[in-house]
Amino acid sequence: MLMSETSYNIIPRDWRLMLESVYRINSKDTVWDVECESLRCLQQLIPCDQGTFFIYDGFNDLGIPLISNSTAVIGQEARFLDEFMTGNYDKDPYFRGMAFLRHNVVYRDSDILPEVDRINSRLFKEIYAKQGIYWGLRAYLSYNDMLLGNMSLFNSKESGDFSNLDINLLRLMEPHISLRLYQLLQKENSTAPTKDDIAQVISTQFDLTPRETEIISLLMGGMEDTDITKFLCISPSTLKKHVYNIYRKTHVSNRIQLYNLIKQQR
């Protein structure tokens with residue numbers, strides 16, 4: 001789809017907004033605050049219907065980044081997050097090859113996939129189309145050859161695709177966000193309690209069973225549902241029942257809320 005744009009140039013207002021945004025982002029002292037502030041600033045620079053910020057926490061045996069327990073959202077509610085987190089979409093055309101990135105990349109979905117392939121992909125049909133998402137603009141964040149996270153901005157079909165100016169703005173902001181994120185991740189990793197310690201704190205607070213505590217610890221380690229069932233020698237339905245009980249006891253309704261609860265214990 002060809003877009004008509006009035007200008008590709010960054011105007012003085014946008015430079016001022018970016019300078020203010022960089023200052024605000026660098027004033028934050030936690031990874032979570034950087035995620036939230038980055039999305040707030042980007043929404044001012046690049047209006048969008050929804051934005052998400054995922055942090056990566058290592059890689060699985062295939063080299064696929066593991067999404068950590070810290071996911072910020074701005075704009076319309078991000079539905080189907082549980083399905084996205086557990087749906088094994090790493091081989092979807094949207095993300096093919098992205099697992100091996102170790103440098104910063106900013107792109108529009110429409111620039112890397114023909115429209116017919118994009119709207120017929122499993123990820124688009126199962127996650128994006130169901131919540132009215134049609135266009136995407138993404139930034140993979142890295143520093144010192146370390147993949148740190150992903151920021152994605154989304155629009156409905158009616159809101160239109162992102163412009164070349166939007167890409168330029170995100171490319172200029174991305175290195176500053178990556179650097180601050182790297183600094184805070186290094187700091188947090190040097191002082192963070194272990195996942196087992198955090199799971200035990202949550203278990204005591206919400207009266208979880210030993211099995212539920214074990215499952216929380218495995219989820220924090222980035223283990224996929226299929227791997228958890230094999231590791232614990234339980235069926236998928238049994239795991240689903242345990243997860244439901246964890247949600248009920250901790251008063252959350254999906255994994256993102258559970259991960260945010262876990263994050264508060266760090």
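Ser 142 sits in strand β4, which covers residues 135-143. In this predicted model, Ser 142 counts as buried because its relative accessible area is 6%, under the 20% cut-off for that word. Which residue lies 38 places away along the chain, yet has its C-alpha atom 5.5 Å from that of Ser 142? That residue is Asn 104.

**The chain as a whole**

Let's step back for a moment. The chain is built with 12 helices and five strands. It has 266 residues, and 51% of them count as buried.

Inside the chain, the largest nonpolar core contains 80 residues. Phe 53, Tyr 128, Ile 216 and Leu 258 have the most contacts within that core. Helix α7, residues 164-191, supplies the largest share of this core, with 10 residues.

Now look at helix α9. It is largely enclosed by the rest of the structure, because eight of its 11 residues are buried. Among the buried residues of α9 are Glu 212, Thr 213 and Ser 217, along with Ile 215 and Ile 216. Just after α9 comes Gly 222, with a positive phi of about 85 degrees.

Two packed helices are described by the angle and the distance between their axes. How do the axes of α9 (residues 210-220) and α11 (residues 236-250) cross, and within what distance do they come? They cross at roughly 95 degrees and come within 10 Å. That angle makes α9 roughly perpendicular to α11, since 65 to 115 degrees counts as roughly perpendicular.

On the α9 side of this contact you can find Arg 211, Glu 212, Ile 215 and Ile 216. They meet Leu 239, His 242, Val 243, Asn 245, Ile 246 and Lys 249 of α11. By type, the residues of this contact are five nonpolar, two polar and three charged. Ile 216 takes part in this contact, and it is also one of the residues with the most contacts inside the largest nonpolar core.

**Around α11**

Thr 250 belongs to helix α11. It is buried, at a relative accessible area of 4%. Which residues does Thr 250 touch, once neighbours within four places in sequence are left aside? They are Ile 202, Phe 206, Leu 258 and Leu 261.

The loops on either side bring something to look out for. Most residues other than glycine have a negative phi. Cys 233, in the loop between α10 (225-232) and α11, has a positive phi although it is not a glycine. His 251, in the loop between α11 and α12 (255-263), also has a positive phi. The table puts their values together.

| Residue | Phi | Relative accessible area |
|---|---|---|
| Cys 233 | about 60 degrees | 69% |
| His 251 | near 65 degrees | 67% |

Thr 250, by contrast, is buried.

Conventions. Residues numbered from 1 in each chain as written. Predicted model: local features only at pLDDT ≥ 70, side-chain atom pairs only at ≥ 80, totals over all residues. Heavy atoms only, no water. Axes fitted to C-alpha atoms, helices over the stretch in contact; angles between N-to-C directions. Helix = DSSP H or I, 4+ residues; strand = E, 2+ residues; numbered from the N terminus. Parallel < 35°, antiparallel > 145°, perpendicular 65-115°, else oblique. Contact = heavy atoms within 4.5 Å. Nonpolar A, V, L, I, M, F, W, Y, C, P; charged D, E, K, R; others polar. Core = buried A, V, L, I, M, F, W, Y, C linked by side-chain atoms within 4.5 Å. Buried < 20%, exposed > 50% of the residue type's maximum accessible area, 1.4 Å probe, protein only.
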